Amino acid sequence: METTEFSRPAEDRRGPRTRALVVTPVLGGRHAPALARGNDARLEEAVGLALAIDLDVVASKLVTLSEIRPATFMGKGKVEELAELAKSEEVELVVVDTALTPVQQRNLEKAFSAKVIDRTGLILEIFGQRARTREGVLQVEHAHLTWQKSRLVRSWTHLERQRGGFGFLGGPGETQIEADRRMITERILKIERELEQVKRTRGLHRAGRKRVPYPVVALVGYTNAGKSTLFNRLTRADVTAVDMLFATLDPTLRQIRLPHGAHAILSDTVGFISELPTQLVAAFRATLEEVIEADVILHVRDISHEDSDAQSADVAAVLRDLGIDPETDERVVEVWNKVDRLDSAARGVLAATAARRDPDNRPALMSARTGEGEAALLSAVEERLSARRETVVVTLEPTDGAGENWLHRHGDVMDRRVGDDGAVSVTVRVEPERVEGIRRRFAAVDLPPSV
């Protein structure tokens, strides 16, 4: 097992932080996952998650396992070794980077004499700290209560079951647990009603945008893939973009301008991660409906990361949970971000790999930090949006400036020509549902000559 020490800041404005040990169990042999990740990268990600809630990570360990033990997840020798480390480092919290059962979590707490939190609990804690909007707070609370409901026996340690007299197995503690479970259930139902109202409101907003209509382009990707940086680059906004897991949580929407002048709405969504708790996927479904309803989905990948392929598979799995198959859905465009981190040889190989892809499935190479590839990405977005649009030629009187301005606002003006008689021919690309409106508004509307 490897141990990594992390330096602590000389001055902490928040006071003393919780001393934590991060443990990443790695299954070997026949239990190893099909799409293997780099062990060092897994440990680094786990430490990053711990640092995201301002824990003082004093040490971290990779623990190789031959099998999973039902009682403690890890073998007795590993548990004892970690207990010694936790004692010597005066650790208050042990983060185990996997999903633990309530029994495993409780047994490890007894062995380590410290609080234990698993990957699901850690991610829920991060989301709880990062949620800012009312919707985000409700979604996180719903996810946390749903998770906590099944772990009452472990979590409410002051309400442990007591063996009553006269042969009864229950007791006051068990009654209290059932009361707590009912309270949690009632709170969950109340949150679900409030989230349903949020969903209806969001649906009204989407319906309003469709009437404009502005197409929606949604950003999805693994956490820390650079979505917020790309969002800022394309919208000239100032959304929080730092090198931290789940730096942004609540969805953000801004308007962008495409190469031919049309506008679209860009939506930045919550980042995905491996083993994302199912409770969070369900709770954030209202937010992720922006992705489901999007006209174009930009799957942002950190192509410089050693686990880029595995991260991509994790994102694809969540998208499939939402009913979107990245391999067959024509709306999905891969964005290979952070190419500025690669040397010239690696970039050449990457460009050749992208060029061999089918044109309809070709990724966009991009550096959200430097802006490299921005024009090509916007062109790719416009091309996807135009796939379902229709092109018409509108002939205007020379004095109909208002009509020409209307076409610029409601479609992509592809060409403009002035005839010998002064008449203006405008080639415009619009949504199919707008064609009839154009025919009613303008007297001369034809298909382009090539059609």
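Start by selecting residues 153–172. In this predicted model, pLDDT stays under 50 across that stretch. The model gives residues 153–172 28 contacts beyond four places in sequence. Where pLDDT is low, the predicted coordinates should not be read in detail.

Now colour the whole chain by pLDDT. The average is 81, and 82% of the residues score at least 70. Then go to residues 1–13, where pLDDT is below 50. This stretch has 29 contacts in the model beyond near neighbours in sequence.

**The largest core**

Select Val22 and Val291. Among the 46 residues of the largest nonpolar core, these two touch the most other members. Next, highlight helix H1, residues 39–52. H1 supplies six residues, the largest share of this core.

Stay with Val22 and show its surroundings. Leaving out residues up to four places away in sequence, Val22 touches Leu43, Ala46, Val47, Ala50, Val57, Ala59, Ser60, Lys61 and Val95.

**A second core**

Move to Leu219, Leu234, Met366 and Leu385. They are included in a second, separate core of 22 residues.

Select helix H8, residues 227–235, and helix H13, residues 374–386. Their axes come within 11 Å and cross at roughly 85°. Angles from 65 to 115 degrees count as roughly perpendicular, so H8 and H13 are roughly perpendicular to each other.

Which residues meet here, in H8 and in H13? Show side chains for Leu230, Arg233 and Leu234 in H8; they meet Glu374, Leu377 and Leu378 in H13. By class, this contact between H8 and H13 has four nonpolar residues, two charged residues and no polar ones.

Conventions. Residues numbered from 1 in each chain as written. Predicted model: local features only at pLDDT ≥ 70, side-chain atom pairs only at ≥ 80, totals over all residues. Heavy atoms only, no water. pLDDT = per-residue confidence, 0-100. Contact = heavy atoms within 4.5 Å. Core = buried A, V, L, I, M, F, W, Y, C linked by side-chain atoms within 4.5 Å. Buried < 20%, exposed > 50% of the residue type's maximum accessible area, 1.4 Å probe, protein only. Helix = DSSP H or I, 4+ residues; strand = E, 2+ residues; numbered from the N terminus. Axes fitted to C-alpha atoms, helices over the stretch in contact; angles between N-to-C directions. Parallel < 35°, antiparallel > 145°, perpendicular 65-115°, else oblique. Nonpolar A, V, L, I, M, F, W, Y, C, P; charged D, E, K, R; others polar.
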